[in-house]
Amino acid sequence: MQPLLHHAASALGWRGIVVPDVAVLGHQVSAVVRVRADVHDWRTANGWPPQADPSWFRSWFEPAAHDRLPVPAVELVGVLVGESTVDRALQSCGTLMTLAPCSVVLPAPQGDRPWPLIELDYYGIGVVAVDEAGAAELVVPPEDRSTEFGPSLFGRWLLEVLYDRVLREVPAHARVNS
């Protein structure tokens, strides 16, 4: 699945690190992130490791407990959702498109039955079709609608989860070139 996600990210023009299999709001998604090297270096030097623990996230609602929050060390470029139907794709991208551009990775249409894409396009959800050989084609470009919704503590916490995953799973030399 990993090479398929890299092909989909390339078709979208998304440069960064692909973080597969992230559980978000009951869906398994993949995220494309870029590490902010300057912030990562600062956080490392100042003892601010990733704060992916949900209890830490809940404590952010109490300013008396935490008068400052760590600066995000990763930027969420986009979200990739692998689904087999358009309806499921709409469900998976529904909330996630408030955080970053969301694209669905669908199997290439078989025969004369094209995907009904107008609804995905209407909501700004991108579509990448991938064939059996792994070739990815951008069918519908995604829109970045995150600015319409503004930042959220959930989105900020997701950045911490992704930062934690990158540090645990991606070799340091690969993070530099993201």
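This is a short tour of a predicted model, stop by stop, for following along in a viewer.

Residues are numbered from 1 along each chain as its sequence is written. Since the model is predicted, local features need pLDDT of at least 70 and side-chain atom pairs count only at pLDDT 80 or more, while totals for chains, interfaces and linings use all residues; side-chain values use heavy atoms, with hydrogens and water left out.

**The whole chain**

Start with the cartoon view. The protein chain has eight helices and six strands, taken as DSSP runs numbered from the N terminus (helices are H or I, at least four residues; strands are E, at least two). Trace the chain along the sequence and the pattern reads α-β-β-α-α-β-α-β-α-β-β-α-α-α. Of the 178 residues, 47% are buried; buried means under 20% relative accessible area, exposed over 50%, and partly exposed in between (1.4 Å probe, protein chains only).

Now select residues 126-130, which is strand 5. Five of its five residues are buried, so the strand is largely enclosed by the rest of the structure. Show the side chains: Gly126, Val128 and Val130 point one way, and Val127 and Ala129 point the other. In a regular strand the side chains alternate between the two faces of the sheet.

Which way does strand 4 (residues 102-107) pair with strand 5, parallel or antiparallel? The sense is parallel, over five bridges; two strands pair if DSSP finds at least two bridges between them. Look for Val105 opposite Val128. Strands 5 and 6 make a hairpin with five residues between them, and Gly134 in the turn has a positive phi of about 95 degrees.

**The disulfide**

Next, pick Cys93 and Cys102. They are joined by a disulfide with an S to S distance of 2.1 Å, and the structure holds one disulfide (a pair of cysteine sulfur atoms within 2.5 Å). The torsion about the S-S bond of Cys93 and Cys102 is about -65 degrees, so this disulfide is left-handed. Both cysteines are buried.

**Leu25**

Go to the loop between strand 1 (17-24) and strand 2 (27-35), where you'll find Leu25. Leu25 is partly exposed, at 49% relative accessibility. Leaving aside neighbours within four places in sequence, Leu25 is in contact (heavy atoms within 4.5 Å) with Thr95 and Phe154. Leu25 and Thr95 are 70 residues apart in sequence, yet 8.4 Å apart in space, C-alpha to C-alpha.

**The aromatic pairs**

Rings of Phe, Tyr and Trp (its six-membered ring) pair if their centres lie within 6.5 Å; planes under 30 degrees apart count as stacked, over 60 as edge-to-face and the rest as tilted. By this rule there are two aromatic pairs. One is Tyr122 with Tyr123, edge-to-face at 5.0 Å centre to centre and 90 degrees between the planes. Tyr122 is exposed at 60% relative accessibility, whereas Tyr123 is partly exposed at 36%. Phe154 and Trp157 form a tilted pair, 6.2 Å centre to centre with 45 degrees between the planes. Both lie in helix 7 (residues 153-169), three residues apart, about one turn of the helix. Phe154 is partly exposed at 21%, and Trp157 is buried at 18%.
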